[in-house]
Amino acid sequence: MSSKAAQPAPAWLLLNPDHPIKSLSIAFCLWKSLLLVALVCCPGPGYDTSTGLLSYLVPGAADINTQQPVSHPPLSTLLKLVRWDAIYFVHTAENGYVYEQEWAFGYGYSQVLSFLVFVLRHFGGVSGVTAVALIAIALSHITHFLSVLALYRLSVNVFGQGTTARKLTCFLSAAFHIVCPAGAFLSAPYGESLFSFLNFSGFYVYSSSLLDDNAGRTLISSIKLLIAAVLFSAATTVRSNGILSGFLFAYDAILLLQRTLFQGLSRHACLRLCVTVIGGCIIAVGMIFPQVLAYADFCLDVQTPRPWCGRLIPSIYGWVQSYYWNVGFLRYWTISNLPLFLLAIPMLFTLCRSSVWALSPSKADKPTSSTLSASLLTRLAVPQGLLAILAFTSYHVQIINRICSGYPLWYWYLACQLVHDRREPHRKRKLDWGFVVQGMVVYAVFQAVLFGSFLPPA
């Protein structure tokens with residue numbers, strides 16, 4: 001009997017790892033559409049109506065006194081994304097940093113948004129706070145999509161595509177970033193999408209630098225290392241936890257110094273060490289530069305300098321987080337915040353579990369393409385683990401569900417567990433990771449409804 005010819009995949013099977021870019025694009029559009037439907041279904045303004053203080057106005061009106069509130073249903077729906085901290089981001093992009101407490105919110109994100117508003121105002125004729133909000137929403141959607149692609153390319157660098165398992169791991173990792181618990185925060189005027197894009201891009205360029213260095217391409221490797229530092233520095237201006245990516249450079253510097261002590265100083269090691277130290281300094285600039293600007297505004301040539309000006313390290317960011325938002329070591333550990341800790345525990349557990357997984361010597365469920373690629377997992381475990389510890393001890397713990405979106409390791413862990421379970425269906429499992437992913441998706445949808453209704457958590 002003649003065998004039947006292989007049948008093509010059915011037309012409805014749109015999510016195909018063999019066509020990752022097309023499939024991820026489709027998944028992205030479907031997910032964003034679902035979140036938009038969730039926003040449309042939001043019951044109302046919720047318990048807090050402070051968004052109204054922005055006085056959303058119809059773009060293009062000549063006189064602020066004659067402008068009318070937005071009444072177009074599409075605009076009204078989109079503006080439900082301007083909630084919580086998004087109010088501050090939109091205000092600073094339109095007016096600059098007017099109030100001290102606004103310095104708690106990423107300088108880099110506000111400046112990027114302000115630049116886009118400036119360009120569109122002079123070349124596109126847009127104006128008004130509504131326009132700023134809509135530009136910010138567009139920026140979040142675009143950078144979220146780009147971060148999905150960046151994570152996919154980074155995953156290919158780490159795992160390769162030589163086998164079906166590796167190909168599926170890369171695809172699933174990027175797909176998980178689309179539906180991650182950050183949910184509506186990746187669509188709203190927040191810095192999470194831009195941070196994810198910059199951080200993933202930095203990791204991708206950094207991994208490419210290591211691969212080039214291992215192949216003997218020293219010059220291009222050094223250039224890529226500096227580019228990665230610039231991307232991490234930019235990410236740090238968007239979210240301060242971007243400074244954790246500087247651990248990669250500190251780790252490399254320690255390895256190079258150790259190698260020099262045992263093997264002697266070589267031209268290659270000296271060049272690599274210099275580039276690594278310069279890269280680390282570039283990342284530090286991303287944290288220091290906004291602080292310098294704030295110090296000049298609040299501490300120099302003023303009659304009454306602010307209290308933080310006289311500190312050993314005069315950081316406005318640390319001051320406003322502590323003074324206005326009560327952020328600090330164990331300050332959030334109160335009985336009233338227990339529900340928020342319970343809400344954060346699943347993600348904290350996943351972050352810690354995936355960090356331990358990356359540091360463990362076992363290779364059973366790590367389809368990495370080389371020893372160098374495996375060492376990247378080790379490098380990325382520490383920044384992610386530090387983030388989880390800081391969130392548990394010092395941050396408003398519930399924000400871990402959104403700031404985790406810019407770290408790739410836990411996506412890889414989930415993808416590897418699912419692929420490993422698929423290859424060994426009879427393996428005894430302590431936890432059903434498929435159920436974990438389903439819970440993540442359900443949480444993101446409900447969170448979008450809460451966000452659009454101006455209800456906690458945020």
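**A left-handed disulfide and a helix pair**

The link of Cys299 and Cys309 is left-handed, with -80° about the S-S bond. It's a disulfide, meaning a pair of cysteine sulfur atoms within 2.5 Å, and here the two sulfur atoms sit 1.8 Å apart. Both cysteines lie in the loop between α10 (267–298) and α11 (316–325), so the pair ties together parts that are ten residues apart in sequence. Cys299 is buried, at a relative accessible area of 11%, and Cys309 is buried with a value of 11% as well. Buried here stands for under 20% relative accessible area, exposed for over 50%, and partly exposed for what falls in between (1.4 Å probe, protein chains only).

A quick word on the source: this is a predicted model, in which local features need pLDDT of at least 70 and side-chain atom pairs count only at pLDDT 80 or more, while totals for chains, interfaces and linings use all residues. Residues are numbered from 1 along each chain as its sequence is written, and side-chain values use heavy atoms, with hydrogens and water left out.

The disulfide count comes to one. Cys170 is in no disulfide, as the nearest cysteine sulfur, that of Cys416, is 8.9 Å away; Cys170 is buried, with a relative accessible area of 0%. For Cys270, the closest cysteine sulfur belongs to Cys274 and is 4.4 Å off, too far for a bond. Cys270 counts as partly exposed, at 34% relative accessibility.

Now for the wider picture. The protein has 16 helices and zero strands, where helices (H or I, at least four residues) and strands (E, at least two) are DSSP runs numbered from the N terminus. Of its 458 residues, 50% are buried. Among contacts (heavy atoms within 4.5 Å) with a separation of 6 or more, 74% join residues 24 or more positions apart.

The axes of α5 (residues 129–159) and α7 (residues 192–214) come within 8 Å and cross at roughly 25°; axes are lines fitted to C-alpha atoms, for helices over the stretch in contact, and angles run from 0 to 180 degrees between N-to-C directions. That makes α5 roughly parallel to α7, a label for angles under 35 degrees. The contact draws on residues including His144, Leu151 and Arg153 of α5 and Phe197, Phe200 and Tyr204 of α7. By class, this contact has ten nonpolar, ten polar and one charged residues. Nonpolar covers Ala, Val, Leu, Ile, Met, Phe, Trp, Tyr, Cys and Pro, charged covers Asp, Glu, Lys and Arg, and the others, Gly among them, are polar.

Methods: Parallel < 35°, antiparallel > 145°, perpendicular 65-115°, else oblique.
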